[in-house]
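Here is a short report on helix geometry and helix packing. Please look over the sequence and the model first.

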Amino acid sequence: MRASVPTAQVSPTPGDTLLHPLVFGAVLVLVLNDHVLKARWPSWWTGKLSDVAGLAMFPLLLQGLWEQSCERGARAFQPSRAVLTTCLVLTALVFTAIKVFEPAGDCWRWGLGTLQWPVRAAWAWLSGRPIPGVAPVAHTMDVTDLLALPALAVSLWLGSRRVNHTR
């Protein structure tokens, strides 16, 4: 009988779940879909694909931002199930609101447009064009987008694995 060889336990770091290949894949799908596929082949499927990819990774982005902002000086860092759950619930609530409540959808359009403005302004400046103003992004309110909510299970699975492996 062979003796089992202990594996090296890697200590978690704030936001390290964002480095998982599934998260990279979700971000890649989101960017590719929003900037290529929707323009070339607009359909019900390309609309839902961005929602699924975004919901699969966004709670982990929120969790990583929270962990980075609250890193505990002298204590060893431990992932929190409460933080993961809060990020999942907030993502589900905001996603639902922007898909069914027009004022929330408008806040989303202008908020994302504001976040995109620095990149758009830098690109215009580097291209020798006038710097544009902040503009809202296109947003389609569609209650059928709520069919993508089960994609939150990806974040739940990755985040739960991380919490369970550090106990």
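## Start of helix α2

A side-chain oxygen of S43 comes within 3.2 Å of the backbone nitrogen of W45, at the start of α2. That is a polar contact (N or O atoms within 3.5 Å, one able to donate a hydrogen and the other to accept it; residues adjacent in sequence count only if both atoms are side-chain atoms). Helices are DSSP runs of H or I, at least four residues, numbered from the N terminus.

The model is predicted, so local features need pLDDT of at least 70 and side-chain atom pairs 80 or more, while totals for chains, interfaces and linings use all residues. Residues are numbered from 1 along each chain as its sequence is written, and side-chain values use heavy atoms, without hydrogens and water.

Helix α2 covers residues 44–69. Its 26 residues should span 38 Å at 1.5 Å a residue, and the end C-alpha atoms are 38 Å apart, so the two agree. The expected span is 1.5 Å times one less than the number of residues.

Where does α2 kink? At M57, by about 30°, shortly before the proline P59. The bend is the angle between axes fitted to the seven residues ending there and the seven starting there.

## α2 against α5

Helix α5 (residues 152–165) packs on α2 at about 40°, with the axes 5 Å apart. Contact (heavy atoms within 4.5 Å) involves residues including M57 and P59 of α2 and L158 and R162 of α5.

Notes:
Helix = DSSP H or I, 4+ residues; strand = E, 2+ residues; numbered from the N terminus. Axes fitted to C-alpha atoms, helices over the stretch in contact; angles between N-to-C directions.
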